[in-house]
Amino acid sequence: MKEKFLAAFKEALLIEETEISLDDIFRDYAEWDSLSRLSLIASLDEQFNVQIEDSDFEQLKTVGDLLNEVEKRATV
Amino acid sequence: MALLKFNNVGIVGMAACVPSNVINNYEYTQVFDAATAKEITDKIGIKQRRFALPGVTSSDLCFHAAEKLIHDLQVDKEDIDLLVFVSQTPDYRMPATSVLLQHRLGLTHNTMAFDISLGCSAYVYALSIVYSLMERSGFKVALLLDGETRSRVYSAQDRKTAFLFGDGGTATIIQKGEQYKDSYFSLNSDGSKEDLIKIKAGGYRYPSTPETLQEKVVDEYGNIRSEEHGVMEGADVFNFVLREIPPDIKRLEHFSGITLAEIDLFLFHQANDYMNSYLAKKLKLPIEKVPSSIAQFGNTSSVSIPLTIVTQLQHKLNTEQRVMLCGFGVGMSWATAFLVFDNCYISDLVEI
(Lines give C-alpha, C1' and ligand atoms only; values in the text may rest on other atoms or scores of the structure.)
Protein backbone atom coordinates (compact mmCIF):
# COMPACT_ATOMS: atom_id res chain seq x y z
CA MET A 1 0.00 0.00 0.00
CA LYS A 2 2.70 2.47 1.00
CA GLU A 3 4.73 2.05 -2.20
CA LYS A 4 1.62 2.18 -4.37
CA PHE A 5 0.43 5.31 -2.57
CA LEU A 6 3.80 7.09 -2.83
CA ALA A 7 4.05 6.26 -6.53
CA ALA A 8 0.52 7.62 -7.11
CA PHE A 9 1.24 10.70 -5.02
CA LYS A 10 4.46 11.54 -6.85
CA GLU A 11 2.86 10.97 -10.23
CA ALA A 12 -0.10 13.21 -9.37
CA LEU A 13 2.18 16.05 -8.26
CA LEU A 14 4.73 15.42 -11.01
CA ILE A 15 7.46 15.06 -8.37
CA GLU A 16 10.57 13.62 -9.92
CA GLU A 17 12.74 13.20 -6.82
CA THR A 18 13.03 9.59 -5.75
CA GLU A 19 12.89 10.22 -2.01
CA ILE A 20 9.99 11.81 -0.26
CA SER A 21 9.48 11.39 3.45
CA LEU A 22 6.25 10.56 5.22
CA ASP A 23 7.03 13.48 7.53
CA ASP A 24 7.08 16.00 4.67
CA ILE A 25 4.42 18.73 4.80
CA PHE A 26 2.97 18.16 1.35
CA ARG A 27 1.60 21.68 0.98
CA ASP A 28 5.20 22.94 1.23
CA TYR A 29 6.21 21.12 -1.95
CA ALA A 30 6.87 23.52 -4.82
CA GLU A 31 4.71 21.23 -6.97
CA TRP A 32 1.65 21.54 -4.70
CA ASP A 33 -1.21 23.79 -5.86
CA SER A 34 -4.95 23.59 -6.48
CA LEU A 35 -4.32 22.02 -9.88
CA SER A 36 -2.18 19.22 -8.47
CA ARG A 37 -4.98 18.65 -5.97
CA LEU A 38 -7.23 17.75 -8.92
CA SER A 39 -4.66 15.24 -10.15
CA LEU A 40 -4.44 13.75 -6.66
CA ILE A 41 -8.23 13.41 -6.45
CA ALA A 42 -8.32 11.54 -9.76
CA SER A 43 -5.38 9.37 -8.78
CA LEU A 44 -6.77 8.38 -5.36
CA ASP A 45 -10.15 7.63 -6.93
CA GLU A 46 -8.65 5.56 -9.72
CA GLN A 47 -6.16 3.57 -7.69
CA PHE A 48 -7.81 3.29 -4.28
CA ASN A 49 -11.48 4.19 -4.90
CA VAL A 50 -11.02 6.87 -2.22
CA GLN A 51 -12.46 10.39 -2.10
CA ILE A 52 -11.47 12.78 0.69
CA GLU A 53 -13.70 15.83 1.20
CA ASP A 54 -12.12 19.26 1.71
CA SER A 55 -13.14 19.43 5.39
CA ASP A 56 -11.19 16.23 6.14
CA PHE A 57 -8.43 16.96 3.66
CA GLU A 58 -7.65 20.26 5.38
CA GLN A 59 -6.76 18.39 8.58
CA LEU A 60 -4.07 16.39 6.78
CA LYS A 61 -0.61 17.93 7.03
CA THR A 62 2.04 15.37 6.10
CA VAL A 63 2.43 12.78 3.38
CA GLY A 64 2.04 10.20 6.17
CA ASP A 65 -1.29 11.73 7.26
CA LEU A 66 -2.52 11.36 3.71
CA LEU A 67 -1.33 7.76 3.50
CA ASN A 68 -3.12 6.94 6.77
CA GLU A 69 -6.34 8.51 5.52
CA VAL A 70 -6.18 6.58 2.26
CA GLU A 71 -5.50 3.31 4.13
CA LYS A 72 -8.49 4.02 6.39
CA ARG A 73 -10.83 4.63 3.46
CA ALA A 74 -9.49 2.24 0.82
CA THR A 75 -11.89 -0.43 -0.36
CA VAL A 76 -9.76 -1.95 -3.09
CA MET B 1 -37.18 8.12 -6.55
CA ALA B 2 -37.20 10.63 -9.42
CA LEU B 3 -36.90 8.16 -12.27
CA LEU B 4 -39.12 9.12 -15.21
CA LYS B 5 -40.00 7.58 -18.56
CA PHE B 6 -41.68 9.33 -21.49
CA ASN B 7 -42.71 8.28 -24.96
CA ASN B 8 -43.92 9.98 -28.12
CA VAL B 9 -42.09 13.22 -27.26
CA GLY B 10 -38.82 14.31 -28.86
CA ILE B 11 -36.48 17.07 -29.94
CA VAL B 12 -37.28 18.48 -33.40
CA GLY B 13 -34.39 20.90 -33.63
CA MET B 14 -31.81 22.97 -31.77
CA ALA B 15 -29.90 26.23 -32.20
CA ALA B 16 -27.33 28.21 -30.25
CA CYS B 17 -26.08 31.78 -30.11
CA VAL B 18 -22.77 32.89 -28.61
CA PRO B 19 -21.23 36.35 -28.30
CA SER B 20 -18.71 37.09 -31.06
CA ASN B 21 -16.33 38.44 -28.40
CA VAL B 22 -13.69 35.67 -28.10
CA ILE B 23 -11.55 35.47 -24.95
CA ASN B 24 -8.29 33.60 -25.49
CA ASN B 25 -7.28 32.11 -22.14
CA TYR B 26 -3.55 32.12 -22.94
CA GLU B 27 -3.84 35.88 -23.40
CA TYR B 28 -6.18 36.46 -20.46
CA THR B 29 -3.42 38.21 -18.52
CA GLN B 30 -4.95 41.41 -17.14
CA VAL B 31 -4.70 39.97 -13.62
CA PHE B 32 -2.51 36.88 -13.80
CA ASP B 33 0.81 36.56 -15.64
CA ALA B 34 1.18 34.59 -18.88
CA ALA B 35 2.87 31.62 -17.14
CA THR B 36 -0.05 31.26 -14.71
CA ALA B 37 -2.56 31.60 -17.54
CA LYS B 38 -0.73 28.89 -19.49
CA GLU B 39 -0.50 26.52 -16.54
CA ILE B 40 -4.20 26.80 -15.73
CA THR B 41 -5.31 26.70 -19.38
CA ASP B 42 -3.26 23.60 -20.15
CA LYS B 43 -4.64 21.79 -17.12
CA ILE B 44 -8.33 22.61 -17.55
CA GLY B 45 -8.30 22.42 -21.35
CA ILE B 46 -10.34 25.62 -21.82
CA LYS B 47 -8.57 27.54 -24.59
CA GLN B 48 -11.26 30.04 -25.45
CA ARG B 49 -14.50 31.42 -24.12
CA ARG B 50 -17.12 33.89 -25.31
CA PHE B 51 -17.96 36.92 -23.18
CA ALA B 52 -21.16 38.85 -23.78
CA LEU B 53 -20.52 42.56 -24.23
CA PRO B 54 -22.01 44.94 -21.66
CA GLY B 55 -25.76 45.22 -22.07
CA VAL B 56 -26.14 41.78 -23.66
CA THR B 57 -27.98 39.27 -21.46
CA SER B 58 -28.62 35.56 -21.57
CA SER B 59 -32.13 36.26 -22.86
CA ASP B 60 -30.66 38.20 -25.82
CA LEU B 61 -28.55 35.16 -26.73
CA CYS B 62 -31.59 32.88 -26.38
CA PHE B 63 -33.74 35.25 -28.43
CA HIS B 64 -31.37 35.10 -31.39
CA ALA B 65 -31.01 31.31 -31.11
CA ALA B 66 -34.81 30.99 -31.00
CA GLU B 67 -35.40 33.27 -33.98
CA LYS B 68 -32.87 31.29 -36.03
CA LEU B 69 -34.41 27.94 -35.12
CA ILE B 70 -38.00 29.10 -35.66
CA HIS B 71 -36.98 30.50 -39.06
CA ASP B 72 -35.00 27.43 -40.12
CA LEU B 73 -37.74 24.99 -39.11
CA GLN B 74 -40.47 27.31 -40.43
CA VAL B 75 -42.39 26.95 -37.20
CA ASP B 76 -45.58 29.01 -37.02
CA LYS B 77 -45.21 31.15 -33.89
CA GLU B 78 -48.93 30.75 -33.29
CA ASP B 79 -48.27 27.07 -32.63
CA ILE B 80 -45.76 27.65 -29.80
CA ASP B 81 -47.76 27.31 -26.60
CA LEU B 82 -45.07 26.42 -24.06
CA LEU B 83 -41.96 28.53 -23.39
CA VAL B 84 -39.48 27.58 -20.67
CA PHE B 85 -36.46 29.73 -19.91
CA VAL B 86 -33.59 28.17 -17.98
CA SER B 87 -31.01 30.44 -16.36
CA GLN B 88 -29.43 31.65 -13.15
CA THR B 89 -28.49 34.92 -14.86
CA PRO B 90 -31.96 36.27 -15.72
CA ASP B 91 -32.70 39.80 -16.92
CA TYR B 92 -34.41 40.88 -13.70
CA ARG B 93 -35.31 39.46 -10.31
CA MET B 94 -38.86 39.93 -11.53
CA PRO B 95 -40.70 39.47 -13.78
CA ALA B 96 -39.64 36.08 -15.07
CA THR B 97 -37.51 36.35 -18.20
CA SER B 98 -39.60 33.68 -19.99
CA VAL B 99 -42.56 36.08 -19.99
CA LEU B 100 -40.44 38.86 -21.52
CA LEU B 101 -39.29 36.41 -24.19
CA GLN B 102 -42.90 35.41 -24.95
CA HIS B 103 -43.57 39.02 -25.89
CA ARG B 104 -40.26 39.68 -27.64
CA LEU B 105 -40.57 36.55 -29.79
CA GLY B 106 -44.12 37.52 -30.71
CA LEU B 107 -45.76 34.44 -29.20
CA THR B 108 -49.44 34.46 -28.34
CA HIS B 109 -50.88 35.32 -24.93
CA ASN B 110 -51.98 31.69 -24.69
CA THR B 111 -48.38 30.64 -24.14
CA MET B 112 -47.51 28.97 -20.84
CA ALA B 113 -44.21 30.63 -19.88
CA PHE B 114 -42.08 30.15 -16.78
CA ASP B 115 -38.44 30.14 -15.63
CA ILE B 116 -36.36 27.37 -14.12
CA SER B 117 -33.53 28.41 -11.80
CA LEU B 118 -31.00 25.61 -11.75
CA GLY B 119 -27.38 25.49 -12.89
CA CYS B 120 -25.39 22.81 -14.63
CA SER B 121 -28.09 20.14 -14.26
CA ALA B 122 -30.83 22.41 -15.60
CA TYR B 123 -31.01 21.44 -19.25
CA VAL B 124 -31.73 17.82 -18.36
CA TYR B 125 -34.16 18.88 -15.64
CA ALA B 126 -35.96 21.24 -18.04
CA LEU B 127 -36.23 18.57 -20.74
CA SER B 128 -37.89 16.25 -18.24
CA ILE B 129 -40.41 18.96 -17.28
CA VAL B 130 -41.17 19.86 -20.89
CA TYR B 131 -41.50 16.18 -21.87
CA SER B 132 -43.84 15.64 -18.94
CA LEU B 133 -46.05 18.60 -19.89
CA MET B 134 -46.06 17.62 -23.56
CA GLU B 135 -46.91 14.00 -22.91
CA ARG B 136 -49.86 14.67 -20.65
CA SER B 137 -51.51 17.67 -22.26
CA GLY B 138 -52.56 19.32 -25.47
CA PHE B 139 -49.46 21.45 -26.10
CA LYS B 140 -48.46 21.67 -29.72
CA VAL B 141 -44.93 23.11 -29.81
CA ALA B 142 -42.60 23.71 -26.86
CA LEU B 143 -39.69 26.12 -26.96
CA LEU B 144 -36.99 25.49 -24.35
CA LEU B 145 -34.52 28.37 -24.03
CA ASP B 146 -31.39 27.93 -21.94
CA GLY B 147 -28.99 30.86 -21.55
CA GLU B 148 -26.23 32.00 -19.21
CA THR B 149 -23.80 34.87 -18.81
CA ARG B 150 -21.59 33.16 -16.25
CA SER B 151 -18.63 35.33 -17.27
CA ARG B 152 -20.17 38.02 -15.06
CA VAL B 153 -20.69 35.86 -12.02
CA TYR B 154 -17.11 35.10 -11.02
CA SER B 155 -14.22 37.34 -9.99
CA ALA B 156 -11.51 37.87 -12.61
CA GLN B 157 -9.09 38.01 -9.65
CA ASP B 158 -9.90 34.52 -8.35
CA ARG B 159 -7.70 32.02 -10.16
CA LYS B 160 -9.98 29.16 -9.13
CA THR B 161 -12.71 30.44 -11.41
CA ALA B 162 -11.28 33.24 -13.58
CA PHE B 163 -10.42 30.99 -16.54
CA LEU B 164 -13.44 28.70 -16.57
CA PHE B 165 -16.69 30.37 -17.48
CA GLY B 166 -18.24 31.66 -20.68
CA ASP B 167 -21.57 32.82 -22.10
CA GLY B 168 -24.11 31.36 -24.50
CA GLY B 169 -27.76 30.82 -25.25
CA THR B 170 -29.61 27.91 -26.84
CA ALA B 171 -33.04 27.06 -28.18
CA THR B 172 -34.64 23.63 -28.40
CA ILE B 173 -37.98 22.83 -30.03
CA ILE B 174 -39.84 19.84 -28.65
CA GLN B 175 -42.94 18.18 -30.07
CA LYS B 176 -45.08 15.11 -29.76
CA GLY B 177 -44.86 12.43 -32.39
CA GLU B 178 -45.24 8.68 -32.63
CA GLN B 179 -41.81 8.48 -34.26
CA TYR B 180 -40.13 9.47 -30.97
CA LYS B 181 -38.81 6.58 -28.95
CA ASP B 182 -38.79 6.21 -25.18
CA SER B 183 -36.71 8.59 -23.07
CA TYR B 184 -35.57 8.12 -19.50
CA PHE B 185 -34.54 10.56 -16.78
CA SER B 186 -32.96 10.41 -13.32
CA LEU B 187 -33.16 13.65 -11.30
CA ASN B 188 -31.33 14.32 -8.02
CA SER B 189 -30.57 16.98 -5.39
CA ASP B 190 -28.32 17.41 -2.34
CA GLY B 191 -28.75 20.78 -0.62
CA SER B 192 -26.38 19.83 2.19
CA LYS B 193 -23.63 20.80 -0.27
CA GLU B 194 -25.02 24.29 -0.99
CA ASP B 195 -21.67 25.94 -0.21
CA LEU B 196 -19.66 24.09 -2.87
CA ILE B 197 -20.82 26.48 -5.60
CA LYS B 198 -22.53 29.63 -4.42
CA ILE B 199 -23.15 33.36 -4.75
CA LYS B 200 -23.90 34.26 -1.18
CA ALA B 201 -25.04 37.88 -1.41
CA GLY B 202 -27.78 39.57 -3.37
CA GLY B 203 -30.79 37.44 -2.51
CA TYR B 204 -33.12 37.83 0.44
CA ARG B 205 -31.24 35.63 2.94
CA TYR B 206 -28.14 37.80 2.63
CA PRO B 207 -29.09 41.04 0.87
CA SER B 208 -26.62 43.27 -0.95
CA THR B 209 -24.95 45.94 1.18
CA PRO B 210 -21.87 48.12 0.66
CA GLU B 211 -19.94 45.43 2.58
CA THR B 212 -21.01 42.57 0.31
CA LEU B 213 -19.66 44.53 -2.66
CA GLN B 214 -16.21 44.93 -1.13
CA GLU B 215 -13.54 42.87 -2.82
CA LYS B 216 -11.01 41.28 -0.49
CA VAL B 217 -8.28 38.65 -0.38
CA VAL B 218 -9.96 35.40 0.59
CA ASP B 219 -7.19 32.80 0.84
CA GLU B 220 -3.46 32.11 1.10
CA TYR B 221 -3.14 32.19 -2.70
CA GLY B 222 -4.13 35.87 -2.78
CA ASN B 223 -7.39 35.30 -4.65
CA ILE B 224 -9.70 38.30 -4.50
CA ARG B 225 -13.48 38.40 -4.66
CA SER B 226 -16.55 39.92 -3.04
CA GLU B 227 -19.57 38.19 -1.57
CA GLU B 228 -21.44 39.12 -4.73
CA HIS B 229 -19.12 36.87 -6.73
CA GLY B 230 -19.52 33.16 -7.27
CA VAL B 231 -17.42 30.80 -5.18
CA MET B 232 -16.50 27.34 -6.30
CA GLU B 233 -14.80 24.68 -4.19
CA GLY B 234 -13.40 22.85 -7.18
CA ALA B 235 -11.80 19.95 -5.33
CA ASP B 236 -14.99 19.03 -3.52
CA VAL B 237 -17.04 19.45 -6.68
CA PHE B 238 -14.70 16.95 -8.33
CA ASN B 239 -15.07 14.56 -5.39
CA PHE B 240 -18.84 14.98 -5.57
CA VAL B 241 -18.93 14.19 -9.29
CA LEU B 242 -16.81 11.07 -8.86
CA ARG B 243 -19.01 9.87 -6.01
CA GLU B 244 -22.46 10.62 -7.46
CA ILE B 245 -22.36 10.57 -11.25
CA PRO B 246 -21.28 6.98 -12.02
CA PRO B 247 -23.96 5.53 -9.67
CA ASP B 248 -26.62 7.78 -11.20
CA ILE B 249 -25.76 6.53 -14.68
CA LYS B 250 -25.93 2.94 -13.36
CA ARG B 251 -29.33 3.71 -11.84
CA LEU B 252 -30.63 4.89 -15.20
CA GLU B 253 -29.16 1.85 -16.96
CA HIS B 254 -31.07 -0.35 -14.54
CA PHE B 255 -34.31 1.64 -14.81
CA SER B 256 -34.28 1.83 -18.62
CA GLY B 257 -32.85 -1.58 -19.40
CA ILE B 258 -30.40 0.17 -21.73
CA THR B 259 -26.70 -0.50 -21.22
CA LEU B 260 -23.93 2.02 -21.81
CA ALA B 261 -22.65 -0.21 -24.62
CA GLU B 262 -25.87 0.59 -26.52
CA ILE B 263 -25.36 4.36 -26.23
CA ASP B 264 -23.86 6.15 -29.23
CA LEU B 265 -22.97 9.51 -27.68
CA PHE B 266 -22.29 10.67 -24.13
CA LEU B 267 -22.83 14.36 -23.44
CA PHE B 268 -21.57 15.58 -20.10
CA HIS B 269 -21.84 19.04 -18.64
CA GLN B 270 -18.68 20.78 -19.83
CA ALA B 271 -17.07 21.67 -16.51
CA ASN B 272 -13.39 21.34 -17.31
CA ASP B 273 -11.56 18.97 -19.60
CA TYR B 274 -9.50 17.39 -16.86
CA MET B 275 -12.54 16.29 -14.87
CA ASN B 276 -14.56 15.19 -17.90
CA SER B 277 -11.67 13.19 -19.33
CA TYR B 278 -11.22 11.42 -16.02
CA LEU B 279 -14.96 10.78 -15.73
CA ALA B 280 -15.02 9.23 -19.21
CA LYS B 281 -12.02 7.09 -18.29
CA LYS B 282 -13.62 5.97 -15.02
CA LEU B 283 -16.80 4.97 -16.88
CA LYS B 284 -14.65 3.25 -19.56
CA LEU B 285 -16.28 5.27 -22.35
CA PRO B 286 -14.56 5.40 -25.76
CA ILE B 287 -13.41 9.00 -26.03
CA GLU B 288 -14.75 9.31 -29.61
CA LYS B 289 -18.25 8.86 -28.17
CA VAL B 290 -17.79 11.76 -25.75
CA PRO B 291 -18.16 15.04 -27.69
CA SER B 292 -16.62 18.12 -26.12
CA SER B 293 -16.88 21.86 -26.70
CA ILE B 294 -14.98 22.83 -23.57
CA ALA B 295 -11.86 24.04 -25.43
CA GLN B 296 -13.87 26.52 -27.52
CA PHE B 297 -16.53 27.76 -25.12
CA GLY B 298 -15.50 26.86 -21.56
CA ASN B 299 -18.01 26.14 -18.83
CA THR B 300 -21.33 27.76 -19.73
CA SER B 301 -23.28 26.06 -16.91
CA SER B 302 -26.60 24.61 -18.09
CA VAL B 303 -25.94 25.83 -21.63
CA SER B 304 -22.95 23.53 -22.06
CA ILE B 305 -24.84 20.37 -23.04
CA PRO B 306 -27.07 21.91 -25.74
CA LEU B 307 -24.17 24.12 -26.93
CA THR B 308 -22.03 21.00 -27.34
CA ILE B 309 -24.80 19.31 -29.34
CA VAL B 310 -25.19 22.32 -31.65
CA THR B 311 -21.48 22.92 -32.20
CA GLN B 312 -20.16 19.34 -32.29
CA LEU B 313 -23.01 17.19 -33.64
CA GLN B 314 -24.60 19.33 -36.33
CA HIS B 315 -24.74 16.63 -39.00
CA LYS B 316 -24.63 13.63 -36.73
CA LEU B 317 -28.20 13.69 -35.44
CA ASN B 318 -29.85 13.27 -38.85
CA THR B 319 -29.77 9.53 -38.30
CA GLU B 320 -30.90 7.69 -35.19
CA GLN B 321 -28.54 8.14 -32.25
CA ARG B 322 -29.04 6.97 -28.71
CA VAL B 323 -27.65 9.74 -26.50
CA MET B 324 -26.91 10.11 -22.81
CA LEU B 325 -27.07 13.60 -21.29
CA CYS B 326 -25.61 14.16 -17.84
CA GLY B 327 -25.55 17.52 -16.03
CA PHE B 328 -24.15 18.15 -12.57
CA GLY B 329 -23.28 21.15 -10.43
CA VAL B 330 -24.56 23.98 -8.27
CA GLY B 331 -27.07 22.90 -5.66
CA MET B 332 -25.76 20.32 -5.69
CA SER B 333 -28.12 19.13 -8.37
CA TRP B 334 -27.54 16.41 -10.96
CA ALA B 335 -29.52 14.69 -13.68
CA THR B 336 -29.03 12.02 -16.32
CA ALA B 337 -31.14 11.22 -19.37
CA PHE B 338 -31.16 8.59 -22.11
CA LEU B 339 -32.78 10.00 -25.27
CA VAL B 340 -33.04 8.94 -28.88
CA PHE B 341 -32.31 11.66 -31.44
CA ASP B 342 -33.54 11.00 -34.96
CA ASN B 343 -33.84 13.46 -37.79
CA CYS B 344 -33.02 16.29 -35.38
CA TYR B 345 -32.29 19.58 -37.14
CA ILE B 346 -29.35 21.66 -35.92
CA SER B 347 -29.06 25.28 -37.04
CA ASP B 348 -25.74 26.93 -37.87
CA LEU B 349 -24.23 28.64 -34.83
CA VAL B 350 -25.36 32.25 -34.44
CA GLU B 351 -22.87 34.90 -33.27
CA ILE B 352 -23.85 38.38 -32.14
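1. A:Asn49 has a positive phi of about 55° even though it isn't a glycine. Helices here are DSSP runs of H or I with at least four residues, strands are runs of E with at least two, and both are numbered from the N terminus.

2. Some ground rules. This is a predicted model, where local features need pLDDT of at least 70 and side-chain atom pairs count only at pLDDT 80 or more, while totals for chains, interfaces and linings use all residues. Residues are numbered from 1 along each chain as its sequence is written, chains are lettered from A and ligands numbered from 1 in the order in which they are written, and side-chain values use heavy atoms, with hydrogens and water left out.

3. Confidence in chain A: the average pLDDT (the predictor's confidence in each residue, from 0 to 100) is 88, and 96% of the residues score at least 70. Helix H1 (residues 2-13) of chain A is lowest at a mean of 88, and helix H4 (residues 63-73) of chain A is highest at 93.

4. A:Lys72 and A:Glu69 form a salt bridge, with their closest N and O atoms 3.4 Å apart; the term means a side-chain nitrogen of Lys or Arg within 4 Å of a carboxyl oxygen of Asp or Glu. The two are three residues apart in that helix, which means about one helical turn separates them. Over all chains, the structure has 25 salt bridges.

5. Chain B comes to eight helices and 18 strands. A compact globule of 352 residues would have a radius of gyration near 20 Å, and the 19 Å of chain B agrees with that. Its C-alpha atoms fill a box of roughly 60 × 45 × 35 Å along the principal axes.

6. Two cis peptide bonds to look at in chain B. One runs from B:Met94 to B:Pro95, with omega near 0°, and B:Pro95 lies in the loop between strand E5 (80-86) and helix H3 (97-104) of chain B. Another joins B:Gly331 and B:Met332, with omega about 0°; B:Met332 lies in the loop between strand E15 (321-329) and strand E16 (333-341) of chain B.

7. Now the interface: 16 residues of chain B are in contact (heavy atoms within 4.5 Å) with 16 residues of chain A. The buried area is about 1500 Å², with carbon and sulfur atoms giving 53%; this is accessible area (1.4 Å probe) lost on putting the two parts together, summed over both. In chain B, B:Lys43, B:Asn239 and B:Tyr278 lose the most area to chain A, together 28% of what that side buries.

8. Three salt bridges link chain B and chain A. A:Glu53 and B:Arg243 meet through their side chains in a salt bridge (3.0 Å, N to O).

Technical notes
The radius of gyration is taken over C-alpha atoms; the globule rule is 2.2 Å times the number of residues to the power 0.38.
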